[in-house]
Amino acid sequence: MTPERQRSRRRARRRNAASAFLFLSPWLIGFAVFTAWPILYSAYLSLTDYDVINDPRFIGFENYAQLFEDPKIALAIGNTLLFSALQVPAYVIVSLLLALLLDRAGRSAGFFRTFFFLPKMTPPVAVGILFLLLFNGQNGLINTVLGWFGIAGPAWTTDPAWVKPGLILMSLWTVGASVIILLAALQDVPTELYESSKLDGAGFWRQSFSVTLPMISPALFFIIVVNTIAGLQTFDEAYTAFFGSGNTTYSNDAALFYVIYLFQQAFEFLHMGYASAMAWILFAIIMVVTAVQLIVSRRLVYYEGEAPK
């Protein structure tokens, strides 16, 4: 290749690289300004005493030390972990059952896909208000329906033992997106596998555990990880139902999730430094939980082309 041709190729590569960066620049600028810089600045604020009004005052790791002395931190973490441990399995099971039903719905599956997904578009604040209307212990629709069958419904919004179960049931309102993901995974399972298993005498349950679940395990794993992260950051519905507009009528402590307490520290008490330290602790918790899930997935998740482990 002649030197002139080599220089021409280098110029072409540089032009292509410049064009690529030009098209990527809006996203890169947005990421740097609205994501990367706030993350780095919050790390600095977590080492300061900052109340928004006065300049940040560097105090080292005092905010992190205070986290271990704050009794509400333990309460908020406990509430959040318990909620996530109960909500994620319920969310996945309901999503999978609905996806299995849709997989057998035939031509009507398109209508039901839209029907199940629409609640996902409901604003979380509206869901929080709807929670209070449906789960009201005196005249809510849920307890009214239970009364038709002679069942005395619990005090969903005032009994601390029933606050989180009520919120979990309400969260199932938005399973539509997960249903669509699992339905796509189910429809991608090769029919030859079912036919082969039938020839071997496998029934419905054997097919479900030996064919269906392994083949859709990547989609299941994705839903579990995403919903675990969402569960650890639960805020909108619980805050609207139990803390909005200075609400002190209901059992607030049972619904005090970690992000709600973080929000209170930052925007109600103006403890921005302390709230930043809380945010970084939450980030560490999510990283650890996700890492554990990734390690476990090596034994349970099967990807196309892999032999079963």
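Trainee: Which element gives the most to the lining of the largest cavity?

Mentor: Rolling a probe the size of a water molecule over the atoms shows where empty space is left. In this predicted model, α3 gives the most to the lining of the largest cavity, namely three residues. The elements that give two or more residues to this lining are α3 (71-103) and α13 (272-300).

Trainee: What is the volume of the largest cavity, and which residues line it?

Mentor: Its volume is about 50 Å³, and the count comes to one cavity of 30 Å³ or more. The lining is formed by Ile77, Thr80, Leu81, Leu232, Tyr258, Leu282 and Ile285. By class, six of these lining residues are nonpolar, one is polar and none is charged.

Trainee: At what angle do α3 and α7 pack?

Mentor: Two packed helices are described by the angle between their axes and the distance between the axes. Here, α3 and helix α7 (residues 160-171) pack at an angle of about 40°, and their axes lie 10 Å apart. Because of that angle, α3 counts as oblique to α7. The crossing in which α3 passes α7 is right-handed.

Trainee: Which residues of α3 and α7 make the contact?

Mentor: From α3 come Asn79, Leu82, Phe83, Leu86, Gln87, Ala90 and Tyr91, while α7 supplies Lys164, Leu167, Ile168 and Ser171. The contact of α3 with α7 comprises seven nonpolar, three polar and one charged residues.

How values were computed
Residues are numbered from 1 along each chain as its sequence is written. This is a predicted model: local features need pLDDT of at least 70, side-chain atom pairs count only at pLDDT 80 or more; totals for chains, interfaces and linings use all residues. Side-chain values use heavy atoms; hydrogens and water are left out. On a 1 Å grid over the protein atoms alone, a cavity is a set of points where a 1.4 Å probe fits but cannot get out, and a pocket is an open set with protein on both sides within 12 Å along at least five of seven lines; lining residues have an atom within 4 Å of a point. Grid points are joined across faces, edges and corners, and a volume is the space filled by probe spheres set on the points. Helices (H or I, at least four residues) and strands (E, at least two) are DSSP runs, numbered from the N terminus. Ala, Val, Leu, Ile, Met, Phe, Trp, Tyr, Cys and Pro count as nonpolar, Asp, Glu, Lys and Arg as charged, and the others, Gly among them, as polar. Axes are lines fitted to C-alpha atoms, for helices over the stretch in contact, and angles run from 0 to 180 degrees between N-to-C directions. Angles under 35 degrees count as roughly parallel, over 145 as roughly antiparallel, 65 to 115 as roughly perpendicular and the rest as oblique. A crossing is left-handed if the near helix is turned anticlockwise from the far one by less than a right angle, and right-handed if clockwise. Contact means heavy atoms within 4.5 Å.
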